[in-house]
Amino acid sequence: MMRSLLRLLCLISILIFAGVVLAQGDEDTVPYIQLSAFNTPLLEGWENQSEDDFAQFHYAEAHATIRSALVEIGDPVAAARSDLRRAFGIELGEAIYQDKVNLADGTWNVLVYEPDAVASASVMARRAGSQSVVISFVESDPEARILMLTIAQSGDAREDAAAEIDLALSLLASNKPADLVETSALALPSGEWTRAGGAGAVGMGMVFGNDSFLAIGEGETGNLPKLADAYNRTVLGFFITPDNAGYLALALTASFAILALLILSFFWRSRNIQKDLELIESLNQAGD
């Protein structure tokens, strides 16, 4: 009986150890940065400027930064303005574009600002309890103008974002090309993108659900695919770390309780078997 108990305890120990090893292996391979309050994709090839309470990546070649933060303000628009001011020292006027889209994790405010002739800030912000999630793309490349936005598709969902690219260029391009020339689709880590453009301006779009995720570029747009992919992987991959401490404590308590009951049952059975053996021996002795 004791041998069986020891075997059981060894098996449980091996399973726990194997689970820990597998979990650690997953953490090493998943390209995510895990902060105290949220998780966001790790942008390889970008300078990681993150700290404990925000994730921030900088791409020097394009003078571009992608930042994710939880801001202690319940109004998403006010939170976006506050975070841009605190992180980049940007004083904002009115947004040149503002709308809302409904994604799987809530309603997001889509904001685009141009505080001066060089810089632009594209933001997705939504409320999260008493806080707000703010994901921003800020660029200050004097040779390029890059804007990011998300537009809900109208009517029946389509396989490409050509209509939304045309709309975005109409709304935000300095000089919309008279004729948009659609190029072949681009396969990027974030998904399948459509690229269309003309003289002076280029638009890229990716359909996800019922929304089109867009990037508009003017001037030197060679970095546009890399920037669009990074920003939209960040938007779609961001998630707030759930507080599972209570469930973990409950699960551990239940596991140890079950283990304790199992061990007690082994001892109880062992004791009963010993009593039965003693009874059998006494009966044998009485029979003799």
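Which strands does helix H2 (residues 76–88) lie across? H2 lies across strand S4 (54–59), S5, S6, strand S7 (106–113), strand S8 (120–128) and S9. Its axis runs at about 50° to S9; axes are lines fitted to C-alpha atoms, for helices over the stretch in contact, and angles run from 0 to 180 degrees between N-to-C directions. The model is predicted: local features need pLDDT of at least 70, side-chain atom pairs count only at pLDDT 80 or more, and totals for chains, interfaces and linings use all residues. Residues are numbered from 1 along each chain as its sequence is written, and side-chain values use heavy atoms, with hydrogens and water left out.

**Overview**

- The protein chain has 5 helices and 16 strands. Helices (H or I, at least four residues) and strands (E, at least two) are DSSP runs, numbered from the N terminus.
- Of the 288 residues in the protein chain, 38% are buried. Buried means under 20% relative accessible area, exposed means over 50%, and partly exposed lies in between (1.4 Å probe, protein chains only).
- Take the contacts in the protein chain between residues at least 6 apart in sequence: 54% of them join residues at least 24 apart. A contact means heavy atoms within 4.5 Å.

**The seven-stranded sheet**

- An open, antiparallel sheet is built from 7 strands in the order S3-S4-S5-S9-S8-S7-S6. Two strands pair if DSSP finds at least two bridges between them.
- At its edges are strand S3 (47–48) and strand S6 (97–103), each pairing on one side only.
- Strand S5 (residues 64–71) pairs with strand S9 (residues 131–139) over 8 bridges, in the antiparallel sense. Val71 has Ser132 of S9 as its bridge partner, and Arg67 has Ser136.
- S8 also pairs with S9 in the antiparallel sense, over 9 bridges. Here Arg127 stands opposite Ser132.
- The hairpin of S8 and S9 has 2 residues between the strands, and Gly129 takes a positive phi near 70° there.
- S9 is mostly covered, with 8 of its 9 residues buried.

**The three-stranded sheet**

- A further open sheet has 3 strands in the order S1-S2-S16, paired antiparallel.
- Strand S1 (32–34) and strand S16 (239–240) are its edges; each has a single partner strand, so one side of each lacks a neighbour in the sheet.
- Strand S2 (residues 38–41) and S16 are joined by 2 bridges. Phe38 has Ile240 of S16 as its bridge partner.

**Helices against the sheets**

- H2 has 13 residues and spans 18 Å from its first C-alpha to its last, close to the 18 Å expected at 1.5 Å a residue. The expected span is 1.5 Å times one less than the number of residues.
- Buried residues in H2 are Pro76, Val77, Ala79, Ala80, Asp83 and Leu84. Down the helix axis they fall within an arc of 160°, so they line one face of H2. The arc is that of the directions from the helix axis to the C-beta atoms.
- Their cover includes S5, S6, S7, S8 and S9.
- In helix H3 (residues 162–172), the buried residues are Glu164, Ile165, Ala168, Leu169 and Leu172. Their arc is 135°, so they too line one face of the helix.
- The cover over the buried residues of H3 includes S6, strand S10 (144–152), strand S13 (191–198), strand S14 (201–208) and strand S15 (211–219).
- Helix H4 (residues 224–237) lies across S4, S5, S8 and S9, at about 175° to S9. H4 also lies across S1, S2 and S16, at about 150° to S2.

**Nonpolar cores**

- The largest nonpolar core has 52 residues. Such a core is a set of buried Ala, Val, Leu, Ile, Met, Phe, Trp, Tyr and Cys residues joined through side-chain atoms within 4.5 Å.
- Those with the most contacts inside it include Trp46, Met124, Phe137, Met148 and Tyr231.
- A second, separate core of 14 residues includes Ala80, Leu92, Leu111 and Val134.
- Beyond its neighbours within four places in sequence, Met148 is in contact with residues including Phe137, Leu227 and Tyr231.

**Two loop residues**

- His63 is in the loop between S4 and S5. His63 has a positive phi of about 55° although it is not a glycine, and is partly exposed at 36% relative accessibility.
- Thr221 sits in the loop between S15 and H4. Thr221 is buried, at 15% relative accessible area. Not counting residues up to four places away in sequence, Thr221 touches Arg195 and Val202.
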